[in-house]
Amino acid sequence: MKNLTLFILVILSQNTFSQSAEVRGKHFNVKKNLGIQGYDPVSYFNRQPQEGNESIKAEHKGITYYFENTKNRDTFTKSPAKYEPQYGGWCAYAMGETGDKVKIDPETYKIKDGRLYLFYNFWGTNTLESWNKKENSLKTNGDKNWSEIIN
């Protein structure tokens, strides 16, 4: 059973991150092909989000990421799928609730099952709080909605 679960996770992971650069550029939350508004994706897993340095960058399938140091860049390039945000960097709550692509506050996030989820947090509305109230169903819906967008 453990091997079957691992196999399914590998297949899902490959499907999630096998999009072409064209599809990613069209559907991911990027400005000028820059992911997470210039924040270092590895920094979320280390302690807290940090803005990256534009002179320390890496490109993955058409999307550029900035890093606060070369160690984080090198970590990312070894396993980019592990560090890229879910749902193309759009608000996880909105993706799960309605399937809409909604902007995020790069400092409002959650790591769940080793994956990075980002959230809208403006004008007194923090969707991370709403996500936490019904996370499992929102994640299931978000996965389905995102799959329909990118496929």
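Trainee: What makes strand β4 largely enclosed by the rest of the structure?

Mentor: Keep in mind that this is a predicted model. Strand β4 covers residues 63–67, and five of its five residues are buried, so the rest of the structure largely encloses it. Both faces are covered: Ile63, Tyr65 and Phe67 are buried on one side, Thr64 and Tyr66 on the other.

Trainee: How do you know that β3 and β4 are paired strands?

Mentor: Pairing takes at least two bridges, and five bridges join β3 (residues 53–60) to β4. The two strands run antiparallel. For one of the partners, look at glutamate 59, which bridges to threonine 64 in β4.

Trainee: And what sits between the strands of that hairpin?

Mentor: Two residues lie between them, and lysine 61 in this hairpin takes a positive phi near 50°.

Trainee: Which residues have the most contacts inside the largest nonpolar core?

Mentor: That core has 31 residues, and the ones with the most contacts inside it are Ile36, Phe67, Phe76, Tyr87, Phe119, Trp131 and Trp146. At least two core residues come from each of β3, β4, α6 (92–97), β6 (115–119), α7 (127–133) and α8 (135–150). As background, nonpolar side chains in soluble globular proteins tend to be buried together.

Trainee: Is asparagine 145 buried or exposed?

Mentor: Buried, because its relative accessibility is 17%, and the cut-off is under 20%. Asparagine 145 is in helix α8. With residues up to four places away in sequence set aside, asparagine 145 touches Met95, Gly96, Thr98 and Gly99.

Trainee: How many aromatic pairs are there, counting ring centres within 6.5 Å?

Mentor: Nine. One of them is phenylalanine 28 with tryptophan 146.

Trainee: What makes that pair edge-to-face?

Mentor: Planes over 60 degrees apart count as edge-to-face. Here the angle between the planes is 65°, and the centres are 5.6 Å apart, so the pair qualifies. Phenylalanine 28 lies in the loop between α2 (21–27) and β1 (30–31) and tryptophan 146 lies in helix α8, so the pair ties together parts 118 residues apart in sequence. Phenylalanine 28 is buried too, with a relative accessible area of 5%.

Trainee: Why are tyrosine 44 and tyrosine 109 also called edge-to-face?

Mentor: Their planes are at 80° and their ring centres 5.0 Å apart, so the pair is edge-to-face. This pair links distant parts of the chain: tyrosine 44 is in helix α3 (residues 43–46) and tyrosine 109 in strand β5 (residues 105–112), 65 residues apart.

Trainee: What makes lysine 103 sit over the ring of phenylalanine 122?

Mentor: The distance limit is within 6 Å of the ring centre, and lysine 103 lies over the face of phenylalanine 122 at 4.4 Å from that centre.

Key
Residues numbered from 1 in each chain as written. Predicted model: local features only at pLDDT ≥ 70, side-chain atom pairs only at ≥ 80, totals over all residues. Heavy atoms only, no water. Buried < 20%, exposed > 50% of the residue type's maximum accessible area, 1.4 Å probe, protein only. Helix = DSSP H or I, 4+ residues; strand = E, 2+ residues; numbered from the N terminus. Core = buried A, V, L, I, M, F, W, Y, C linked by side-chain atoms within 4.5 Å. Contact = heavy atoms within 4.5 Å. Phe/Tyr/Trp six-rings, centres within 6.5 Å; stacked < 30°, edge-to-face > 60°. Lys NZ or Arg CZ within 6 Å of the ring centre and 35° of its normal.
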